[in-house]
Amino acid sequence: NNGKLIYFSSDFITTHLDKTLIKSGYNVDRIINYSATSIEYISENIVEKMKNSPPDIIYVYSEKSAANLKYLIKKYSLFDKLINCNLMCISEKTSRVLNGLKWKKIFIFNSGEEEFLLYKI
């Protein structure tokens, strides 16, 4: 706790780890090292592949990713094809963004536990 910590993150974060650590007495600098931009278009070829052969699992790692996935599912009318997919969300908060779509199977995982959930499927 004598040294300095550097927190690398996206411009958009759901938890302000740096502020939490500073409140606990740590010396922290946050460096924004990337920016995430949501996609608004999926090629027709990919949409058809998803409709004809839906994935078994969809991993979602942030609220922003969940909101973008929801947008794309609605835009391309994919929900009927994806409803049986196993939705893997990194947190309860992330899964709540997609709750309105009524997924049949939603799993919550902690970072690094993704592999262990594969045995539940």
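Start with the surface view. The chain exposes about 8,200 Å². Carbon and sulfur atoms supply 52% of that area. Keep in mind that this is a predicted model.

Next, colour by burial. Of the 121 residues in the chain, 28% are buried.

Switch to cartoon. You will find six helices and five strands. Trace them from the N terminus: the order is β-α-β-α-β-α-α-β-α-β-α. The radius of gyration is 18 Å, well over the 14 Å that the globule rule gives for 121 residues, so the chain is more spread out than a compact globule. Now show the C-alpha atoms and turn the model along its principal axes. They fill a box of roughly 55 × 30 × 25 Å.

Select the charged side chains. There are 17 positive and 13 negative ones. The centres of the two sets lie 5 Å apart.

Finish with the cysteines. A disulfide is a covalent bond between the sulfur atoms of two cysteines. How many disulfides does the model hold? The count comes to zero. Select Cys-85, which is in no disulfide. The nearest cysteine sulfur to Cys-85 is that of Cys-89, 12 Å away. Is Cys-85 buried or exposed? At 3% relative accessibility, Cys-85 counts as buried. Move on to Cys-89. Its closest cysteine sulfur is in Cys-85, and 12 Å is too far for a bond, since the cut-off for a disulfide is 2.5 Å. Cys-89 also counts as buried, at 0% relative accessibility.

Definitions and conventions
Residues numbered from 1 in each chain as written. Predicted model: local features only at pLDDT ≥ 70, side-chain atom pairs only at ≥ 80, totals over all residues. Heavy atoms only, no water. Helix = DSSP H or I, 4+ residues; strand = E, 2+ residues; numbered from the N terminus. Rg over C-alpha atoms; globule rule 2.2 N^0.38 Å. Buried < 20%, exposed > 50% of the residue type's maximum accessible area, 1.4 Å probe, protein only. Areas by Shrake-Rupley, 256 points an atom, 1.4 Å probe, with all protein chains shown as cover. Lys, Arg positive; Asp, Glu negative; His and termini not counted. Charge placed at Lys NZ, Arg CZ, Asp CG, Glu CD.
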